[in-house]
Amino acid sequence: MRIPDDIEELVLAFMEPEKKNGLMRMSRAEIDELIMREIACAVEPGFLEKSPDKDSFPYRVTPRGREILQMLAPCKRSGR
């Protein structure tokens, strides 16, 4: 199952910089695996939570996580 973009953005935003080295050379499957290994960096502070819907992705963005995504949006558009 593909990781939703908003969840991917949150995890990448809070992942340690040295763990993101080589993202440009990774395959989509390798990136998805890295994000799933590091998903706790967004779950622990309350930006993601377990999803009660068994048919969807196992995590969902919390309201607090949506606020962070809104703050990150201008940075993403400017390329920072």
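Visitor: Why is Arg2 called partly exposed?

Guide: In this predicted model, where local features need pLDDT of at least 70, side-chain atom pairs count only at pLDDT 80 or more, and totals for chains, interfaces and linings use all residues, Arg2 has a relative accessibility of 42%. Buried means under 20% relative accessible area and exposed over 50%, with partly exposed in between (1.4 Å probe, protein chains only), so 42% places Arg2 in the partly exposed class. Residues are numbered from 1 along each chain as its sequence is written, and side-chain values use heavy atoms, with hydrogens and water left out.

Visitor: How do you know that Glu8 counts as buried?

Guide: The relative accessibility of Glu8 is 13%, which is under the 20% limit, and therefore Glu8 is classed as buried. Glu8 is found in helix 1, where helices (H or I, at least four residues) and strands (E, at least two) are DSSP runs numbered from the N terminus. With residues up to four places away in sequence not counted, Glu8 touches Arg2, Ile3, Arg28, Asp32 and Ile35, a contact being heavy atoms within 4.5 Å.

Visitor: What makes the meeting of the Glu8 and Arg2 side chains a salt bridge?

Guide: The term requires a side-chain nitrogen of Lys or Arg within 4 Å of a carboxyl oxygen of Asp or Glu, and the N to O distance for Glu8 and Arg2 is 3.3 Å, so the pair qualifies. Asp32 is itself buried, at 16%, and a network of salt bridges links Arg2, Asp5, Glu8, Arg28 and Asp32. The count by this rule comes to 9 salt bridges.

Visitor: What makes the pair of Phe57 and Tyr59 tilted?

Guide: The ring centres of Phe57 and Tyr59 are 6.4 Å apart, which is within the limit for a pair, and their planes stand at 50°, so the pair is tilted. Phe57 and Tyr59 are both buried.

Visitor: Which residues have the most contacts inside the largest nonpolar core?

Guide: They are Ile7, Leu10, Val11, Ile39 and Leu48, in a core of 18 residues. Helix 1 (5–14), helix 2 (28–38), strand 2 (59–61) and helix 4 (63–78) are the elements that give two or more residues to this core, and its largest share, 4 residues, comes from helix 1. A nonpolar core is a set of buried Ala, Val, Leu, Ile, Met, Phe, Trp, Tyr and Cys residues joined through side-chain atoms within 4.5 Å. With residues up to four places away in sequence left aside, the contacts of Leu48 include Ile7, Leu10, Val11 and Ile39.

Methods: Phe/Tyr/Trp six-rings, centres within 6.5 Å; stacked < 30°, edge-to-face > 60°.
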